[in-house]
Amino acid sequence: MSDTISYKTVTPEEVNTWFEACAVSDFPSDGGLNISYQGLQIAVFNFTRRNEWFATQNLCPHKKQMILSRGMIGSDGNEPKVACPFHKKTFSLKTGENLNGDECAIATYPVKVENSKVYVGFA
Ligand code: FES
């Protein structure tokens with residue numbers, strides 16, 4: 001049934017639930033963790049080099065692998081991105097857009113950090 005779960009981008013304005021995902025100290029520098037929220041698997045990234053946090057669906061749309069939290073993060077100019085470890089499809093961490101232009105976009109979610117806790121926004 002997990003294929004029927006759909007991931008949908010949540011904008012900051014749409015957030016009505018801030019889910020406490022993890023402690024900041026749980027995260028590797030410049031790396032991600034997978035968290036679960038109501039059947040969704042969400043990749044949360046601590047992009048230390050940019051001093052920014054991002055969250056996306058953990059599901060790579062290419063071959064439907066739950067893997068993006070273990071992807072390599074980097075920047076393309078000013079665009080933060082994650083590359084899937086399997087076949088290196090690359091997605092914007094800001095918009096979810098597929099930067100290779102050949103797969104569908106991924107959903108993105110707002111993140112905030114308060115009192116050393118990381119929260120992901122859902123609607
Ligand atoms: S499964 Fe992610 S790029 Fe192929």
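Isoleucine 5 sits in the segment before β1 (17-23), where a strand is a DSSP run of E with at least two residues, numbered from the N terminus. The model is predicted, so local features need pLDDT of at least 70 and side-chain atom pairs count only at pLDDT 80 or more, while totals for chains, interfaces and linings use all residues. Residue numbers start from 1 along each chain, as its sequence is written.

**Isoleucine 5**

- Is isoleucine 5 buried or exposed? Isoleucine 5 counts as exposed because it has 12 other C-beta atoms within 10 Å; the cut-offs are 12 or fewer for exposed, 20 or more for buried, and partly exposed in between, with C-beta atoms placed from the backbone.
- Leaving out residues up to four places away in sequence, isoleucine 5 touches Gly39 and Leu40; a contact means that two C-beta atoms, placed from the backbone, lie within 7 Å.
- Tryptophan 18 is 13 residues from isoleucine 5 along the chain, and their C-alpha atoms are 20 Å apart.

**The nonpolar core**

- Nonpolar side chains tend to be buried together in soluble globular proteins.
- Here, the largest nonpolar core has 24 residues; such a core is a set of buried Ala, Val, Leu, Ile, Met, Phe, Trp, Tyr and Cys residues joined through C-beta atoms within 7 Å.
- The elements giving two or more residues to this core are β3 (40-47), β4 (52-57), β5 (59-60) and β12 (117-122), and β3 gives the most, with 5 residues.
- Ile42, Val44, Phe45, Ala55, Val111 and Val120 have the most contacts inside the core.
- Take valine 44: skipping neighbours within four places in sequence, its contacts include Ala21, Gly32, Leu33, Ala55, Val111 and Val120.

**The three-strand sheet**

- An open sheet of 3 strands runs in the order β7-β8-β9, with antiparallel pairing; strands pair if DSSP finds at least two bridges between them.
- From one strand to the next, the twist averages 35 degrees, using lines fitted to C-alpha atoms as axes and angles from 0 to 180 degrees between N-to-C directions.

Notes: Helix = DSSP H or I, 4+ residues; strand = E, 2+ residues; numbered from the N terminus.
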